[in-house]
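Morning, everyone. Let me put the next one up on the screen, and then I'll walk you through it.

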Amino acid sequence: MRHNFGAGPCILPQEVFRQASQAVLDFKDGLSILEISHRTPEFEAVLAEAVKLVKELLNVPEGYSVLFLQGGASLQFAMVPMNLLSEGQTAAYLETGVWANKAIKEVKNFGSANVVASSKDANFNYVPKGYSIPEDSAYFHCTSNNTIYGTEMFSLPETKVPVVCDMSSDIMSRVIDVSQYDLIYAGSQKNIGPAGSVLVIVKDEILGKTTNKIPSMLDYKVHIEGGSMYNTPPVFAIYVAMLNLRWLKSKGGVAEIEKENIAKANALYMEIDRNPLFKGTAVVEDRSRMNICFVMENPELEKPFLKFVEENDIEGLKGHRSVGGFRASIYNALPITSVHRLVELMQVFAEKHQK
(Lines give C-alpha, C1' and ligand atoms only; values in the text may rest on other atoms or scores of the structure.)
Protein backbone atom coordinates (compact mmCIF):
# COMPACT_ATOMS: atom_id res chain seq x y z
CA MET A 1 0.00 0.00 0.00
CA ARG A 2 1.28 3.45 -0.94
CA HIS A 3 0.72 6.26 1.57
CA ASN A 4 0.04 9.46 -0.37
CA PHE A 5 1.05 12.67 1.43
CA GLY A 6 0.99 14.74 -1.78
CA ALA A 7 -0.15 18.36 -1.50
CA GLY A 8 -2.50 18.19 -4.45
CA PRO A 9 -4.10 16.99 -6.51
CA CYS A 10 -4.35 14.75 -3.51
CA ILE A 11 -5.69 11.56 -2.09
CA LEU A 12 -9.40 10.76 -2.37
CA PRO A 13 -11.25 7.85 -0.72
CA GLN A 14 -10.86 4.49 -2.45
CA GLU A 15 -14.62 4.02 -2.62
CA VAL A 16 -14.91 7.31 -4.48
CA PHE A 17 -12.33 6.13 -7.01
CA ARG A 18 -14.27 2.89 -7.51
CA GLN A 19 -17.60 4.65 -7.99
CA ALA A 20 -16.10 7.24 -10.32
CA SER A 21 -14.32 4.62 -12.43
CA GLN A 22 -17.57 2.70 -12.82
CA ALA A 23 -19.34 5.86 -13.98
CA VAL A 24 -16.63 6.41 -16.59
CA LEU A 25 -17.66 3.04 -18.06
CA ASP A 26 -21.39 3.24 -17.43
CA PHE A 27 -23.12 6.20 -15.80
CA LYS A 28 -26.56 5.60 -17.31
CA ASP A 29 -27.76 3.08 -19.88
CA GLY A 30 -24.26 2.34 -21.09
CA LEU A 31 -23.25 5.99 -21.42
CA SER A 32 -20.11 7.28 -19.68
CA ILE A 33 -20.19 10.26 -17.33
CA LEU A 34 -17.61 11.70 -19.73
CA GLU A 35 -19.99 11.75 -22.68
CA ILE A 36 -23.39 12.74 -21.32
CA SER A 37 -24.82 16.19 -21.89
CA HIS A 38 -24.62 18.54 -18.95
CA ARG A 39 -28.22 19.44 -19.73
CA THR A 40 -29.57 15.97 -19.00
CA PRO A 41 -31.79 15.54 -15.96
CA GLU A 42 -29.27 13.02 -14.62
CA PHE A 43 -26.39 15.50 -14.49
CA GLU A 44 -28.64 18.30 -13.28
CA ALA A 45 -29.45 16.00 -10.36
CA VAL A 46 -25.71 15.45 -9.73
CA LEU A 47 -25.03 19.20 -9.63
CA ALA A 48 -28.06 19.84 -7.43
CA GLU A 49 -26.92 17.18 -4.97
CA ALA A 50 -23.36 18.54 -4.90
CA VAL A 51 -24.67 22.03 -4.09
CA LYS A 52 -27.06 20.61 -1.47
CA LEU A 53 -24.24 18.68 0.20
CA VAL A 54 -22.02 21.77 0.38
CA LYS A 55 -24.83 23.72 2.01
CA GLU A 56 -25.55 20.90 4.44
CA LEU A 57 -21.96 20.05 5.38
CA LEU A 58 -20.96 23.68 5.93
CA ASN A 59 -24.34 24.83 7.27
CA VAL A 60 -24.49 27.61 4.66
CA PRO A 61 -27.03 30.27 5.72
CA GLU A 62 -29.84 31.61 3.58
CA GLY A 63 -28.82 34.45 1.30
CA TYR A 64 -25.70 32.69 -0.01
CA SER A 65 -25.19 31.08 -3.41
CA VAL A 66 -23.03 28.00 -4.02
CA LEU A 67 -21.24 27.73 -7.36
CA PHE A 68 -19.01 25.18 -9.07
CA LEU A 69 -16.84 27.09 -11.55
CA GLN A 70 -13.64 26.57 -13.54
CA GLY A 71 -10.23 28.21 -13.58
CA GLY A 72 -9.23 27.14 -10.08
CA ALA A 73 -8.49 29.48 -7.21
CA SER A 74 -6.04 31.35 -9.46
CA LEU A 75 -8.87 32.77 -11.55
CA GLN A 76 -10.65 33.79 -8.36
CA PHE A 77 -7.69 36.05 -7.57
CA ALA A 78 -8.95 38.23 -10.43
CA MET A 79 -12.69 37.51 -10.24
CA VAL A 80 -12.93 38.72 -6.65
CA PRO A 81 -11.71 42.29 -7.30
CA MET A 82 -13.45 42.38 -10.66
CA ASN A 83 -16.78 41.75 -8.91
CA LEU A 84 -16.20 43.61 -5.64
CA LEU A 85 -13.73 46.44 -6.24
CA SER A 86 -14.71 49.64 -8.07
CA GLU A 87 -12.21 52.02 -9.63
CA GLY A 88 -10.52 54.17 -6.99
CA GLN A 89 -11.27 51.74 -4.15
CA THR A 90 -8.76 49.86 -2.00
CA ALA A 91 -8.99 46.28 -0.76
CA ALA A 92 -7.19 45.01 2.35
CA TYR A 93 -5.03 41.89 2.00
CA LEU A 94 -3.28 39.69 4.53
CA GLU A 95 0.06 38.45 3.15
CA THR A 96 0.80 34.94 4.42
CA GLY A 97 2.56 33.26 1.51
CA VAL A 98 2.83 32.59 -2.20
CA TRP A 99 -0.88 32.26 -2.89
CA ALA A 100 -1.71 35.44 -1.00
CA ASN A 101 0.98 37.19 -3.04
CA LYS A 102 -0.57 35.98 -6.28
CA ALA A 103 -3.94 37.33 -5.16
CA ILE A 104 -2.36 40.69 -4.27
CA LYS A 105 -0.74 40.86 -7.70
CA GLU A 106 -4.08 40.39 -9.48
CA VAL A 107 -6.03 42.98 -7.47
CA LYS A 108 -3.67 45.70 -8.72
CA ASN A 109 -5.25 45.34 -12.17
CA PHE A 110 -8.52 46.70 -10.80
CA GLY A 111 -7.65 48.97 -7.88
CA SER A 112 -5.30 49.24 -4.94
CA ALA A 113 -4.18 46.52 -2.55
CA ASN A 114 -3.42 47.52 1.03
CA VAL A 115 -1.32 44.84 2.69
CA VAL A 116 -2.50 45.26 6.28
CA ALA A 117 -0.05 42.69 7.69
CA SER A 118 2.58 40.27 6.48
CA SER A 119 4.67 37.38 7.79
CA LYS A 120 7.22 37.69 5.00
CA ASP A 121 9.83 38.81 7.55
CA ALA A 122 10.00 35.23 8.89
CA ASN A 123 9.55 33.38 5.60
CA PHE A 124 5.82 33.11 6.33
CA ASN A 125 6.23 30.75 9.27
CA TYR A 126 3.41 32.43 11.24
CA VAL A 127 0.05 34.11 10.72
CA PRO A 128 0.06 37.86 11.59
CA LYS A 129 -2.18 39.05 14.40
CA GLY A 130 -3.13 42.36 16.02
CA TYR A 131 -3.47 44.33 12.78
CA SER A 132 -6.29 46.69 11.89
CA ILE A 133 -8.40 46.79 8.73
CA PRO A 134 -9.39 50.25 7.47
CA GLU A 135 -13.15 50.66 7.54
CA ASP A 136 -13.22 52.11 4.04
CA SER A 137 -11.72 48.95 2.52
CA ALA A 138 -13.86 47.40 -0.20
CA TYR A 139 -13.18 44.01 1.38
CA PHE A 140 -10.61 42.08 3.41
CA HIS A 141 -8.92 39.09 1.77
CA CYS A 142 -7.12 36.28 3.61
CA THR A 143 -5.83 32.77 2.91
CA SER A 144 -6.95 30.34 5.59
CA ASN A 145 -4.28 27.68 5.06
CA ASN A 146 -0.83 28.14 3.56
CA THR A 147 0.19 24.87 1.95
CA ILE A 148 3.80 25.76 1.22
CA TYR A 149 4.69 27.04 4.71
CA GLY A 150 2.42 24.91 6.88
CA THR A 151 0.46 27.64 8.66
CA GLU A 152 -3.30 27.88 9.21
CA MET A 153 -5.57 30.74 10.23
CA PHE A 154 -8.01 29.50 12.86
CA SER A 155 -9.78 32.80 13.63
CA LEU A 156 -10.72 35.99 11.84
CA PRO A 157 -10.00 39.58 12.88
CA GLU A 158 -12.96 41.66 13.96
CA THR A 159 -14.08 43.88 11.12
CA LYS A 160 -17.21 45.33 9.54
CA VAL A 161 -15.58 45.07 6.12
CA PRO A 162 -16.74 42.20 3.84
CA VAL A 163 -14.47 39.18 4.35
CA VAL A 164 -13.18 37.14 1.41
CA CYS A 165 -11.23 33.94 2.06
CA ASP A 166 -9.24 31.54 -0.08
CA MET A 167 -9.96 28.20 1.63
CA SER A 168 -8.52 25.99 -1.08
CA SER A 169 -6.55 23.71 1.20
CA ASP A 170 -8.58 23.42 4.39
CA ILE A 171 -12.23 23.73 3.39
CA MET A 172 -14.33 20.80 4.65
CA SER A 173 -11.54 19.87 7.09
CA ARG A 174 -12.91 21.78 10.08
CA VAL A 175 -16.09 23.47 11.21
CA ILE A 176 -16.43 27.10 10.13
CA ASP A 177 -19.11 29.73 10.55
CA VAL A 178 -19.93 30.66 6.96
CA SER A 179 -21.87 33.73 8.15
CA GLN A 180 -18.53 35.31 9.16
CA TYR A 181 -17.53 35.38 5.50
CA ASP A 182 -18.97 37.21 2.53
CA LEU A 183 -17.17 35.17 -0.11
CA ILE A 184 -15.31 31.86 0.16
CA TYR A 185 -13.52 30.22 -2.72
CA ALA A 186 -11.64 26.94 -2.84
CA GLY A 187 -9.94 24.92 -5.53
CA SER A 188 -11.44 21.44 -5.42
CA GLN A 189 -8.30 19.33 -5.50
CA LYS A 190 -7.77 18.97 -1.75
CA ASN A 191 -10.87 18.03 0.25
CA ILE A 192 -13.65 18.54 -2.30
CA GLY A 193 -12.74 16.41 -5.30
CA PRO A 194 -10.33 16.19 -8.24
CA ALA A 195 -8.72 19.11 -10.01
CA GLY A 196 -10.93 20.85 -12.56
CA SER A 197 -13.41 22.91 -10.58
CA VAL A 198 -13.48 25.59 -7.92
CA LEU A 199 -16.13 26.04 -5.25
CA VAL A 200 -17.48 29.54 -4.57
CA ILE A 201 -19.81 30.43 -1.71
CA VAL A 202 -20.92 34.04 -1.99
CA LYS A 203 -23.30 36.27 -0.06
CA ASP A 204 -25.73 37.50 -2.67
CA GLU A 205 -26.11 41.00 -1.30
CA ILE A 206 -22.46 41.96 -1.89
CA LEU A 207 -22.78 41.53 -5.66
CA GLY A 208 -23.85 44.01 -8.29
CA LYS A 209 -22.35 47.05 -6.59
CA THR A 210 -19.16 47.54 -8.59
CA THR A 211 -18.83 50.01 -11.43
CA ASN A 212 -16.67 47.57 -13.42
CA LYS A 213 -17.74 46.19 -16.76
CA ILE A 214 -17.48 42.47 -16.08
CA PRO A 215 -17.24 39.88 -18.86
CA SER A 216 -20.10 37.39 -18.55
CA MET A 217 -17.83 34.44 -17.82
CA LEU A 218 -16.27 36.33 -14.91
CA ASP A 219 -19.48 37.67 -13.38
CA TYR A 220 -20.70 35.82 -10.29
CA LYS A 221 -24.27 37.01 -10.88
CA VAL A 222 -24.29 35.47 -14.34
CA HIS A 223 -23.13 32.13 -12.93
CA ILE A 224 -25.71 32.29 -10.14
CA GLU A 225 -28.48 32.95 -12.65
CA GLY A 226 -27.18 30.08 -14.78
CA GLY A 227 -26.98 27.67 -11.86
CA SER A 228 -23.26 27.01 -12.47
CA MET A 229 -24.15 26.11 -16.07
CA TYR A 230 -23.75 29.39 -17.92
CA ASN A 231 -21.27 27.41 -20.01
CA THR A 232 -20.45 23.69 -20.04
CA PRO A 233 -19.39 22.86 -16.48
CA PRO A 234 -16.60 20.40 -15.60
CA VAL A 235 -19.01 17.46 -15.49
CA PHE A 236 -16.65 14.74 -14.27
CA ALA A 237 -14.99 16.94 -11.64
CA ILE A 238 -18.39 17.90 -10.20
CA TYR A 239 -19.57 14.29 -10.25
CA VAL A 240 -16.52 13.08 -8.31
CA ALA A 241 -16.90 16.03 -5.91
CA MET A 242 -20.48 14.93 -5.28
CA LEU A 243 -19.29 11.37 -4.52
CA ASN A 244 -16.61 12.71 -2.17
CA LEU A 245 -19.08 14.96 -0.36
CA ARG A 246 -21.40 11.96 0.03
CA TRP A 247 -18.48 10.08 1.58
CA LEU A 248 -17.80 12.97 3.97
CA LYS A 249 -21.45 13.03 5.02
CA SER A 250 -21.38 9.27 5.64
CA LYS A 251 -18.35 9.79 7.91
CA GLY A 252 -20.43 12.05 10.12
CA GLY A 253 -19.74 15.34 8.37
CA VAL A 254 -17.21 18.08 8.94
CA ALA A 255 -17.32 17.99 12.75
CA GLU A 256 -16.34 14.31 12.77
CA ILE A 257 -13.63 14.63 10.14
CA GLU A 258 -12.18 17.55 12.10
CA LYS A 259 -11.65 15.23 15.06
CA GLU A 260 -9.78 12.79 12.81
CA ASN A 261 -7.69 15.60 11.33
CA ILE A 262 -6.72 16.86 14.78
CA ALA A 263 -5.69 13.35 15.82
CA LYS A 264 -3.59 12.88 12.66
CA ALA A 265 -1.88 16.26 13.02
CA ASN A 266 -1.20 15.76 16.73
CA ALA A 267 0.39 12.36 16.12
CA LEU A 268 2.81 13.69 13.53
CA TYR A 269 3.66 16.94 15.32
CA MET A 270 4.32 14.95 18.49
CA GLU A 271 6.92 12.87 16.68
CA ILE A 272 8.51 15.91 15.04
CA ASP A 273 8.87 17.58 18.44
CA ARG A 274 10.08 14.41 20.16
CA ASN A 275 12.51 13.14 17.53
CA PRO A 276 15.91 14.93 17.72
CA LEU A 277 16.49 14.53 13.97
CA PHE A 278 13.50 16.69 12.98
CA LYS A 279 12.05 20.12 13.67
CA GLY A 280 8.88 21.89 12.59
CA THR A 281 9.08 25.10 10.58
CA ALA A 282 5.85 26.89 11.57
CA VAL A 283 5.31 28.55 14.95
CA VAL A 284 3.37 26.21 17.21
CA GLU A 285 0.16 28.24 17.56
CA ASP A 286 -0.23 28.58 13.78
CA ARG A 287 0.63 25.03 12.75
CA SER A 288 -1.53 23.73 9.93
CA ARG A 289 -3.53 20.56 10.35
CA MET A 290 -3.49 19.99 6.61
CA ASN A 291 0.13 20.59 5.58
CA ILE A 292 2.75 19.67 8.16
CA CYS A 293 6.08 21.18 7.18
CA PHE A 294 9.36 20.12 8.79
CA VAL A 295 13.08 19.86 8.16
CA MET A 296 16.00 17.92 9.60
CA GLU A 297 18.44 19.33 12.11
CA ASN A 298 21.17 17.99 9.82
CA PRO A 299 20.27 19.00 6.24
CA GLU A 300 22.66 16.38 4.89
CA LEU A 301 20.26 13.69 6.08
CA GLU A 302 17.27 15.02 4.16
CA LYS A 303 17.96 13.25 0.86
CA PRO A 304 18.71 9.90 2.57
CA PHE A 305 15.52 10.20 4.63
CA LEU A 306 13.42 11.00 1.58
CA LYS A 307 14.92 8.02 -0.25
CA PHE A 308 14.28 5.81 2.78
CA VAL A 309 10.59 6.67 3.10
CA GLU A 310 9.98 6.44 -0.65
CA GLU A 311 11.45 2.94 -0.61
CA ASN A 312 8.94 2.17 2.15
CA ASP A 313 5.80 3.23 0.28
CA ILE A 314 5.60 6.90 1.31
CA GLU A 315 4.62 9.19 -1.57
CA GLY A 316 4.65 13.00 -1.91
CA LEU A 317 6.64 13.95 1.21
CA LYS A 318 9.13 16.28 -0.45
CA GLY A 319 8.64 19.94 0.51
CA HIS A 320 7.75 22.64 -1.98
CA ARG A 321 10.68 23.54 -4.21
CA SER A 322 10.74 27.09 -2.83
CA VAL A 323 11.33 26.03 0.79
CA GLY A 324 12.73 22.50 0.70
CA GLY A 325 12.48 20.06 3.60
CA PHE A 326 9.37 17.95 3.93
CA ARG A 327 5.64 18.50 3.73
CA ALA A 328 3.16 15.88 4.87
CA SER A 329 -0.26 16.81 3.54
CA ILE A 330 -2.88 15.01 5.59
CA TYR A 331 -6.16 15.88 3.92
CA ASN A 332 -9.50 14.32 4.86
CA ALA A 333 -9.14 11.06 2.97
CA LEU A 334 -5.71 10.17 4.38
CA PRO A 335 -6.21 7.53 7.08
CA ILE A 336 -4.44 7.86 10.42
CA THR A 337 -2.72 4.55 9.68
CA SER A 338 -0.68 6.38 7.02
CA VAL A 339 0.44 8.91 9.63
CA HIS A 340 1.38 6.08 11.99
CA ARG A 341 3.46 4.49 9.22
CA LEU A 342 5.33 7.73 8.60
CA VAL A 343 5.97 8.17 12.34
CA GLU A 344 7.27 4.61 12.51
CA LEU A 345 9.70 5.26 9.64
CA MET A 346 10.90 8.50 11.28
CA GLN A 347 11.70 6.52 14.41
CA VAL A 348 13.48 3.76 12.53
CA PHE A 349 15.56 6.30 10.58
CA ALA A 350 16.47 8.12 13.79
CA GLU A 351 17.65 4.90 15.43
CA LYS A 352 20.02 4.32 12.53
CA HIS A 353 21.42 7.83 12.34
CA GLN A 354 21.57 9.15 15.89
CA LYS A 355 25.05 9.46 17.29
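Okay, surface to begin with: the protein chain has about 15,800 Å² of accessible surface, and 50% of that belongs to carbon and sulfur atoms. Areas here are Shrake-Rupley with a 1.4 Å probe, and for residues only the protein chains shown count as cover.

Before I go on, the housekeeping. This is a predicted model, where local features need pLDDT of at least 70 and side-chain atom pairs count only at pLDDT 80 or more, while totals for chains, interfaces and linings use all residues. Numbering runs from 1 along each chain as its sequence is written, and side-chain values use heavy atoms, with hydrogens and water left out.

So, the overall build. We've got nine helices and 14 strands in the protein chain; those are DSSP runs numbered from the N terminus, H or I of at least four residues for helices and E of at least two for strands. The radius of gyration is 21 Å, close to the 20 Å that the globule rule gives for 355 residues, so the chain is as compact as a globular protein of that length. That radius is taken over C-alpha atoms, and the rule is 2.2 Å times the number of residues to the power 0.38. Along the principal axes, the C-alpha trace spans about 65 × 55 × 30 Å.

How much of the chain is buried? Of the 355 residues, 55% are, with buried meaning under 20% relative accessible area, exposed over 50%, and partly exposed in between (1.4 Å probe, protein chains only). As for contacts, meaning heavy atoms within 4.5 Å, take those with a separation of 6 or more: 67% are between residues 24 or more positions apart.

Now the inside. In soluble globular proteins, nonpolar side chains tend to be buried together. By nonpolar core I mean a set of buried Ala, Val, Leu, Ile, Met, Phe, Trp, Tyr and Cys residues joined through side-chain atoms within 4.5 Å. The largest one here has 86 residues, and Leu58, Phe68, Phe140, Ile201, Phe305, Leu317 and Leu342 touch the most other members. Helix 6, residues 235-250, gives the most to this core, with ten residues. There's also a second, separate core of 24 residues, including Val80 and Val198.

Let's zoom in on Leu342. Leaving out residues up to four places away in sequence, Leu342 touches Phe5, Leu268, Phe305, Val309, Ile314, Leu317 and Ala328.

Then Leu183, in strand 9, residues 183-187. Leu183 is buried, at 0% relative accessible area.

For contrast, go to Met270 in helix 7, residues 254-274. Met270 counts as exposed, at 59% relative accessibility. Its C-alpha is 9.3 Å from that of Val343, 73 residues apart along the chain.

Gly8 and Pro9 are joined by a cis peptide bond, omega about -5 degrees, and Pro9 is in the loop between strand 1 (3-4) and helix 1 (14-25).

Which residues have a positive phi although they are not glycine? Asp29 is one, at about 55 degrees; it's in the loop between helix 1 and helix 2 (41-58), and exposed at 67%. Asn59 also has a phi of about 55 degrees. You'll find Asn59 in the loop between helix 2 and strand 2 (64-69), exposed at 64%.

That's my tour, thanks.
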